[in-house]
Amino acid sequence: MKTKKQITSARIRRRLAACLAAVLLLLSPTAAIRASAAGTALTETAETRAVSGYSTVPVYIDGVRCPSDAYIIENGVTYLPLRTLANHLLTGASVYWDSAGGYAVVKTEALSLTARPGDCYITANGRYLALSGLHPAVNTLVNGVTYVPLRTAVRAMGGQIEWNANSRCVEISRGTGTIADGSSYYREDEVYWLSRIIYAESGAEPLRGQLAVGSVVMNRVMSGQFPNTIYSVIFDRKWGVQFTPTANGAIYKKPSAQSIIAAKLILDGCRISTDALYFLDPRQASSFWIVENRQALFSIGCHDFYS
């Protein structure tokens, strides 16, 4: 006969498996995931046993094995309980659940971090850090435990992370315990113009669609084929108007809060694609030069993206 502890453990494993399976099923380029976590409190410990259908890897922090293994899901994204990571990587961290805001909070004297279940980013000292750019990933809540993609959370906590291919484990080194504040990291003019072109071109799109538009702008900044600043890329007219909102005045509309978040995520390194240089809405396009001359990559919402 199974003990009460064994039954509880089995239930936790089944619920975690179901939750992670739902993440993989629902995370598509055209879907926005929002999970309700109202009234849920963080627990002190997290289930660390292997979950059927998902592999786990050991995690070492400064050479000492962490009591929780990391869960690996699609595209190699590794998840670990936020509380576990904070307690082992930070000194004097306070970890709690903000029931009004619906997110987990980590606070130290030098760091203020939040992770909302369903979001594809975490915030740290006013910074917006994407959990994964090329591959969708979200913060996940299971039985009151907030799981976060490991690499981004370690970055937010000022640590260093590496994958040891030989021993097949994650190695983390404690660092500063914090990250530079957003007020000093983001340039005001870059946020201003990037958020406006994102909003003008994709204000009705889900966040991932807005990030794709922002990725095109930043890919152009980094390419030798285009100007090397956000402003000059947006208003580039070497071969004609590049972005319609600069001609019809939509570029000057006040951006939404989500468009500002998208801009900050892009400025903090998020890319939906590193190859996309063009996009268009085929239902409204008056020219199909892109379709005829560039390689199609993917579609998000009403936009098709090309290299």
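Visitor: How many helices and strands does the protein have? After that, which residues of α9 are buried, and what covers them?

Guide: The protein has 10 helices and 17 strands, taken as DSSP runs numbered from the N terminus (helices H or I, at least four residues; strands E, at least two). This is a predicted model, in which local features need pLDDT of at least 70 and side-chain atom pairs count only at pLDDT 80 or more, while totals for chains, interfaces and linings use all residues. Residues are numbered from 1 along each chain as its sequence is written, and side-chain values use heavy atoms, leaving out hydrogens and water.

In α9, the buried residues (under 20% relative accessible area, with a 1.4 Å probe and protein chains only) are Ser259, Ile261, Ala262, Ala263, Leu265, Ile266 and Leu267. Their cover includes the strands β9 (121-124) and β10 (127-130), along with the helices α4 (182-185), α5 (188-202), α6 (207-222) and α7 (230-234).

The helix spans 257-267, and aspartate 268 lies in the loop that leads from α9 to β15 (278-280). Aspartate 268 is itself buried, at a relative accessible area of 6%. Leaving aside residues up to four places away in sequence, Aspartate 268 touches Arg127, Tyr128, Leu129, Arg155, Tyr185 and Tyr186, a contact being heavy atoms within 4.5 Å. Also just after α9, glycine 269 adopts a positive phi of about 105°.

As for the nonpolar cores (buried Ala, Val, Leu, Ile, Met, Phe, Trp, Tyr and Cys joined through side-chain atoms within 4.5 Å), the largest has 42 residues, and Val59, Leu82, Leu85, Leu113, Leu150, Met157 and Ile172 touch the most other members. Apart from that core lies another, of 41 residues, which includes Leu265 as well as Met218, Cys270 and Leu280.

Over the whole protein, buried residues make up 49% of the 307 residues. Of the contacts between residues at least 6 apart in sequence, 58% join residues at least 24 apart.

Finally, confidence. The protein averages a pLDDT of 84, and 82% of the residues score at least 70; pLDDT is the predictor's confidence in each residue, from 0 to 100. Over residues 4-10 the pLDDT is below 50, and this stretch has 4 contacts in the model beyond near neighbours in sequence. Residues 21-52 also have a pLDDT below 50, with 72 contacts beyond near neighbours in sequence. Where pLDDT is low, the predicted coordinates should not be read in detail.

Note on methods:
Buried means under 20% relative accessible area, exposed over 50%, partly exposed in between (1.4 Å probe, protein chains only).
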